[in-house]
Amino acid sequence: MTSREFDIFFRRMYLPLGMYALRIIDDAPSAEDIVEDAFTKAWQLIEEGKEISDFKSYMYRMVHNGCISFLRSKKETVGLEFVPEADEEAVDTSERDAMIWKAIDELPDKCREIFLLSKRDGLSNDEIALQMGISVKTVKNQMTKAFSRLREALSSGHKPFFLPFL
């Protein structure tokens, strides 16, 4: 694998791997560290001339093992049997979550803020309007805009995309 190929894999897989790790350990900074460490170890193996036949599976396994080690180091061994394996469903879910968050990040600033206050924080349109000093109608318009842009971004080239938080 060339450094360019590795860079392409890194850019494509970083966020989904991060979402997978976050789902296991529920600690964003540590999840990010685990993913970065997995990529560092993989690159070191590649530089040593070792070939990784299925890079995607290898990376998910590395992140899975890193998460297990993290939980063990924190003495959180209760429930380790419930840690999801890096199977096809977990990979698909992580990739879907990454696509959703990437689409949310690409919303205009005000639109994204209103959307997150509503969907992430559970605020009503009235509460958002009061907090931001805008009208309820503006909140509704921005939510409509957000849903429209998210559906467009997430369904381009695919079947209609289901947004799990709708």
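Reader: Where is Phe 39 found?
Author: Phe 39 sits in helix α2. Helices here are DSSP runs (H or I, at least four residues; strands are E, at least two), numbered from the N terminus. Keep in mind that this is a predicted model: local features need pLDDT of at least 70, side-chain atom pairs count only at pLDDT 80 or more, and totals for chains, interfaces and linings use all residues. Residues are numbered from 1 along each chain as its sequence is written, and side-chain values use heavy atoms, leaving out hydrogens and water.

Reader: Why does Phe 39 count as buried?
Author: Phe 39 has 3% relative accessibility. Buried means under 20% relative accessible area, exposed over 50% and partly exposed in between (1.4 Å probe, protein chains only), so Phe 39 is buried.

Reader: And what does Phe 39 touch, not counting residues up to four places away in sequence?
Author: Its partners are Phe 6, Phe 9, Phe 10, Met 13, Tyr 14, Leu 17, Phe 55 and Met 59, where contact means heavy atoms within 4.5 Å.

Reader: What makes Ser 30 buried?
Author: Ser 30, also in helix α2, comes out at 15% relative accessibility and therefore counts as buried. Beyond the residues up to four places away in sequence, Ser 30 touches Ile 25 and Phe 70.

Reader: How do you know that α2 and α3 are oblique to each other?
Author: Helix α2 (residues 28-47) and helix α3 (residues 55-73) pack at an angle of about 130 degrees, their axes 9 Å apart. Under 35 degrees would be roughly parallel, over 145 roughly antiparallel and 65 to 115 roughly perpendicular, with the rest oblique. The pair is therefore oblique.

Reader: Which residues of α3 make the contact with α2?
Author: Phe 55, Tyr 58, Met 59, Met 62, Val 63, Gly 66, Cys 67 and Phe 70 do it on the α3 side, and among those on the α2 side are Ser 30, Ala 38, Phe 39 and Lys 41. Take Met 62: leaving aside neighbours within four places in sequence, Met 62 is in contact with Ala 38 and Lys 41. Met 62 and Ala 38 are 24 residues apart in sequence, yet 5.8 Å apart in space, C-alpha to C-alpha.

Reader: What happens in helix α1 at Met 13?
Author: Helix α1 (residues 3-25) bends there by about 45 degrees, and Pro 16 follows within four residues. That bend is the angle between axes fitted to the seven residues ending there and the seven starting there. Both Met 13 and Pro 16 are among the buried residues of α1, which also include Phe 6, Leu 17 and Ile 25.

Reader: Is Asp 26 buried or exposed?
Author: Exposed: Asp 26 reaches 67% relative accessibility, and therefore counts as exposed. Asp 26 lies in the loop between α1 and α2.

Reader: What is the phi of Asp 26?
Author: Asp 26 has a positive phi of about 55 degrees although it is not a glycine. For context, most residues other than glycine have a negative phi.

Reader: How many helices and strands does the protein have?
Author: Seven helices and zero strands. Of its 166 residues, 34% count as buried. Among contacts between residues at least 6 apart in sequence, 61% join residues at least 24 apart.

Note on methods
Axes fitted to C-alpha atoms, helices over the stretch in contact; angles between N-to-C directions.
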